[in-house]
Structures are given as C-alpha cells and as structure tokens.
Amino acid sequence: MQFIRIVTCSLFFFSVITLYAQTKPVDGGTPKPKPDGTAPAKPESKESSALVFNPDASVTTTHEVTIKGVKVPYKAVAGTMPVWDEEGKTIAGLFYTYYERTDVKDRCTRPLVVSFNGGPGSASVWMHIAYTGPALLNIDDEGYPIQPYGYKENPYSILDVADIVFVDPVNTGYSRMMSKDGPRAKFFGVNADIKYLAEWINTFVTRYNRWSSPKFLIGESYGTTRVSGLALELQESQWMYFNGVILVSPTDLGIDRGAPLDAALRLPYFAATAWYHKKLPADLQQKDLTAMLPEVEAFTMNELVPAINKGSLLPDNEKKMIIAKMAKYSGLSETVISQNNMDISTNLFWKELLRDSGYTVGRLDSRYKGIDVRDAGDRPDYNSELTSWLHSFTPPINMYLRQELKYVTDFKYNLFGPVHPWDNTNNHTGKDLGDAMRSNPYLHVMVQSGYFDGACDYFNAKYNMWQIDPSGRLKDRISFQGYRSGHMMYLRKEDLQSSNEHIREFIKKSVPKPGTPARF
C-alpha cells in the first residue's frame with residue numbers, strides 16, 4: 001500500500017512481528033517476552049511522571065515500498081542498542097532504525113549501509129526521511145516546506161539494492177546516556193565518537209548476522225568526519241573491512257589548509273552562487289554552471305592561491321588584476337574585495353551578494369534567500385535555509401516513528417542534541433580514510449557535493465580528494481558527483497533521483513565479483 005500525502009494516522013500496511021521491552025508498549029498492555037525467554041522490562045508506571053530510558057529495546061513492523069516501479073517488501077526495526085564501557089557496564093543506548101528487504105534469498109551477499117548525519121550533535125533524520133530511506137517527507141520539488149506536514153513513500157530509496165541502518169549518536173534522536181552525569185569524554189569528541197561507534201557497529205553487525213555482507217558507510221557533513229575515521233577504526237580495532245564510504249557534503253576532514261589557502265578555495269563556491277542568482281557578467285552568466293566553473297577553479301589554483309600567499313609582496317598591478325578577476329567571478333564589487341585584502345569570509349559573502357536587493361543568501365544552501373532587520377552589517381541575522389528545513393523535518397519524523405514504525409516513547413526526538421563542548425583535537429580523519437584505502441583494496445570512496453553549499457563547499461571537497469590521495473594511485477577508487485543544490489542536495493527532486501542512482505551504481509561497482517581476491 002502506498003503512502004498518501006496527508007498523514008493523520010497509520011497508513012502503512014504493517015504488522016507487528018516482534019516487540020521487545022520499550023519505554024511504553026505499543027498496545028498499552030503487557031510487554032511480550034524476549035526471544036531468549038527472559039522476562040521483559042516492566043513498562044513505566046502510568047502513575048509515575050519519571051521517564052525511564054531503556055537502552056536495549058526494539059519494535060519490528062513490516063511494510064512495502066515501490067522503488068523504480070518494483071514492489072519491495074521489507075521489515076523495519078526501530079529501537080535502542082547498548083553502548084558498554086570497558087567493564088561491560090551499559091553507559092548509553094543508541095537509537096537506530098534498520099530496514100531489511102525481506103524477499104532476499106541470500107543475505108550473505110546483500111549489502112548493508114550504515115548511515116550517519118553530522119553536527120556534531122545532529123540526528124540521522126535528514127538522510128533517513130529525505131534521502132535513502134523508504135519514507136520521504138512532504139516538500140516541494142525544490143526542497144521548500146509545504147503544509148500539511150507529512151510523508152509518503154520514497155520511490156528513489158536505495159532499499160532495493162541494500163539494507164540500511166540509520167544511527168543516532170549519543171544525545172541525538174532518542175539516544176541517551178544512562179545518566180546525565182555519565183562519562184561525556186567517552187562520547188563527545190572526534191576520536192571518542194569514532195571509538196564507541198565502532199564498538200556499537202560491531203554489536204549491530206553481530207546481532208543481525210551481517211558479518212558476511214558487503215558493508216558501506218555513508219555520512220553527511222560532520223558525518224563525513226565520522227565515517228572517514230570509522231573506516232580505519234573498524235579495520236584496526238574491530239577487524240571489519242568495508243567496501244565503500246560515501247561522503248555527502250564533506251567537511252575538511254582535519255586536512256589543514258592554512259588561512260591563505262582557505263580564503264582562496266572559497267571562490268568557486270562564490271562563483272556558483274553568483275551564477276545561480278544571476279550576478280555574474282554576461283559572458284559567464286550565459287554559460288552553463290558546469291561549463292563556467294572550470295575557468296574559476298583554474299584561476300583559483302593557478303593564480304589566486306599564489307597571490308594571497310604573497311601578501312604585501314604582491315605587486316600593486318598584479319593585485320589590481322587579481323581583485324578584478326575575483327570581482328568578476330564572485331559577483332561582488334572590487335571595492336569590497338580590496339577592503340578585505342582579497343579574503344572574503346563566507347558570512348560577508350552571504351550578506352553582500354544580494355544586499356542591494358534587500359536579501360541575504362543561505363549558508364547550507366545559497367539558493368535560499370532571507371530578510372534581515374537591516375541591510376547593513378557583515379553577516380546574516382539567521383540561516384534562511386535551516387529555518388526552512390526545520391519546518392519540514394520536525395513534524396514528519398515524530399509522526400513517522402510513532403505512527404508507522406510504532407516506536408512509542410515520551411522522550412523527545414532531538415534533531416540537535418546537547419553534545420558540546422566537543423573535543424576537536426587530533427582530527428586526522430582524512431588521513432585515516434586514505435590509510436584505510438591503501439590497506440584495503442576493496443575500499444572505494446564517493447563524494448557527493450552541492451554546488452550551492454556554503455558550509456561544506458564542493459571545491460574544498462575536491463581538495464580533500466587530492467590530499468587523501470597525493471600519489472594519485474587511488475584515483476580509480478575515488479569519484480566525485482556534483483549537484484545543482486546545496487548541503488542536502490537530495491531535497492531537490494531532480495537531485496534526489498540522480499544522487500540515489502549514483503549510490504546504487506557505486507554500491508554495485510564496489511562489490512567485487514565472487515572469488516575476486518583483495519590484492520593490488
């Protein structure tokens with residue numbers, strides 16, 4: 001049965017297969033016994049106002065979705081699974097949603113995708129109900145919110161070719177520490193995050209008998225930092241080798257740029273955004289986006305980087321020429337660029353590009369426009385795109401988990417959770433990913449970036465690729481895909497379809513033929 005757009009009650013075809021103990025039983029009655037025969041946890045008392053977190057509970061339902069014209073039956077498991085310390089004490093429970101196609105005869109060859117979003121401090125909701133999962137939130141074709149809020153089935157989901165588990169790190173989604181005074185240092189830092197999540201993935205793979213499956217990691221934004229580090233950590237501490245890593249809107253992955261290089265690498269993103277808002281000169285504006293950008297990229301690497309590095313050593317005539325070209329490619333005035341010593345911050349760009357029209361542009365997706373209290377200033381008052389997205393995501397994820405997946409709890413689903421302060425020291429995740437590729441001949445990497453993403457821009461994503469593989473020996477296993485949208489490229493319908501298809505192709509390409517040895 002298909003979804004319909006207005007969701008006021010459960011409209012999936014489902015049946016409850018297994019119900020482990022959870023905070024509240026779905027039917028309000030007595031929880032059913034666990035499969036091992038042990039007594040289930042007691043539901044919280046209706047007379048008690050205290051919320052009791054259960055770190056090891058799940059509910060299973062069955063569904064069907066039509067993908068690319070083919071009906072795909074599947075089960076969905078929504079629940080929590082423990083995180084243990086070195087002594088085996090439960091210190092947290094991670095909420096996850098696991099989708100498994102049920103008409104597959106050989107689970108051993110069925111790919112498994114482990115999905116994370118970013119932040120740090122963000123739940124997995126974004127890619128869960130807007131990208132690869134079987135449910136899709138209600139938005140228009142360009143990604144803007146519409147009412148009534150709700151969801152429908154996702155005809156572009158990758159569930160036809162791979163099973164997927166969406167994971168919420170500690171304090172995001174329904175995941176929680178066992179105590180508010182718990183060991184925060186074990187969770188909230190680049191390397192701590194990677195370490196405990198690797199242990200948790202081991203538990204998940206073992207419980208669901210997925211050791212033989214080809215395995216993939218996908219992360220978005222800070223999630224790319226996470227999965228880049230996990231690729232090596234899983235190999236070295238869990239002896240678990242993956243076939244692929246998908247980086248959606250990647251961060252800098254701990255690869256140092258330095259201030260001059262950082263300033264220069266922004267320009268191609270500026271050019272893309274100026275092109276979208278028709279702020280470029282006619283000779284550039286009349287070109288297609290992907291035909292125009294190579295010219296800007298070449299100028300950035302061959303002329304702008306050396307010029308900014310020279311600082312005051314740059315001759316005045318050369319400086320004037322560089323400023324003129326920056327103005328041409330960015331849509332900004334030569335005066336503004338000169339006043340800022342050719343170092344235009346993203347905040348200033350977002351404020352300045354459409355200042356004369358009374359608008360700002362968005363950070364995560366610069367197609368979006370915002371209105372500030374006053375036109376003056378050097379940064380926007382708010383992120384116009386994020387405000388728009390929160391309209392779209394908050395109602396449907398709460399509706400979907402409770403109504404369709406039957407996960408009922410009074411805990412709040414944290415789209416953004418309390419994880420700060422976050423320890424960013426010793427971030428070498430880009431190097432880790434390169435090391436994982438060099439030691440695992442099966443491992444492939446695909447980068448997906450939106451040209452209008454100003455937070456994790458596409459050209460910095462390309463720069464990551466060059467530094468991960470400085471020798472060029474891995475280039476046949478690293479690929480890049482660009483999209484005419486922003487940080488969450490999948491919110492634009494055309495890109496939702498193409499980006500999922502790129503993942504399908506990547507998965508198929510990254511799974512070797514039976515009997516193929518892992519060797520160079």
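## Starting at Tyr-359

Tyr-359 sits in the loop that runs between helix H10 and strand S12 (360-361). Keep in mind as you look around that this is a predicted model. Is Tyr-359 buried, partly exposed or exposed? With a relative accessible area of 32%, Tyr-359 counts as partly exposed.

What does Tyr-359 touch, once residues up to four places away in sequence are set aside? Its contacts are Lys-351, Leu-354, Lys-369, Gly-370 and Ile-371. Lys-406 is another story: 47 residues separate it from Tyr-359 along the chain, and their C-alpha atoms are 43 Å apart.

## Helix H5 and what surrounds it

Now hop over to helix H5, which covers residues 267-276. Of its 10 residues, 9 are buried, so H5 is largely enclosed by the rest of the structure. The buried ones are Leu-267, Pro-268, Tyr-269, Phe-270, Ala-271, Ala-272, Thr-273, Ala-274 and Trp-275.

Just past the end of H5, Lys-278 takes a positive phi of about 60 degrees.

## H7 and its two partners

Helix H7 (residues 289-310) packs against H5 at an angle of about 150 degrees, and the two axes are 9 Å apart. That angle makes H5 roughly antiparallel to H7, and their crossing is right-handed. From the H5 side come Leu-267, Pro-268, Ala-271, Ala-272 and Trp-275, while H7 brings Leu-289, Met-292, Leu-293, Val-296, Glu-297, Phe-299, Thr-300 and Leu-304. Sorted by class, the residues of this contact are 11 nonpolar, 1 polar and 1 charged.

H7 also packs with H13, here at an angle of about 60 degrees with the axes 12 Å apart. H7 and H13 are therefore oblique to each other, and H7 passes H13 in a right-handed crossing. Leu-293, Glu-297, Thr-300 and Met-301 of H7 meet Tyr-458, Phe-459, Lys-462 and Trp-466 of H13. This contact splits into 5 nonpolar, 1 polar and 2 charged residues.

## The nonpolar cores

In soluble globular proteins, nonpolar side chains tend to be buried together. Here, the largest nonpolar core has 97 residues, and the members that touch the most others are Ile-201, Phe-204 and Leu-217. Take Phe-204: leaving out residues up to four places away in sequence, it touches Met-81, Tyr-96, Tyr-98, Leu-112 and Val-165. There is also a second, separate core of 58 residues, with Val-65, Phe-166, Leu-364 and Leu-496 among them.

Where do cis peptide bonds turn up? One joins Gly-119 and Pro-120, with omega at about 0 degrees. Pro-120 is in the loop between strand S5 (112-116) and helix H1 (125-130). Another joins Gln-147 and Pro-148, with omega at about 5 degrees, and Pro-148 belongs to the loop between strand S6 (135-137) and strand S7 (151-153).

Two residues other than glycine also have positive phi values. Trp-239, in the loop between helix H3 (222-237) and strand S11 (244-248), has a phi of about 55 degrees. Met-342, in the loop between helix H9 (334-339) and H10, has a phi near 65 degrees. Are they buried or exposed? Trp-239 counts as exposed at 65% relative accessibility, whereas Met-342 is buried, with a relative accessible area of 5%.

Technical notes:
Residues numbered from 1 in each chain as written. Predicted model: local features only at pLDDT ≥ 70, side-chain atom pairs only at ≥ 80, totals over all residues. Heavy atoms only, no water. Axes fitted to C-alpha atoms, helices over the stretch in contact; angles between N-to-C directions. Helix = DSSP H or I, 4+ residues; strand = E, 2+ residues; numbered from the N terminus. Parallel < 35°, antiparallel > 145°, perpendicular 65-115°, else oblique. Left-handed = near helix turned anticlockwise from the far one by under 90°. Contact = heavy atoms within 4.5 Å. Nonpolar A, V, L, I, M, F, W, Y, C, P; charged D, E, K, R; others polar. Core = buried A, V, L, I, M, F, W, Y, C linked by side-chain atoms within 4.5 Å. Buried < 20%, exposed > 50% of the residue type's maximum accessible area, 1.4 Å probe, protein only.
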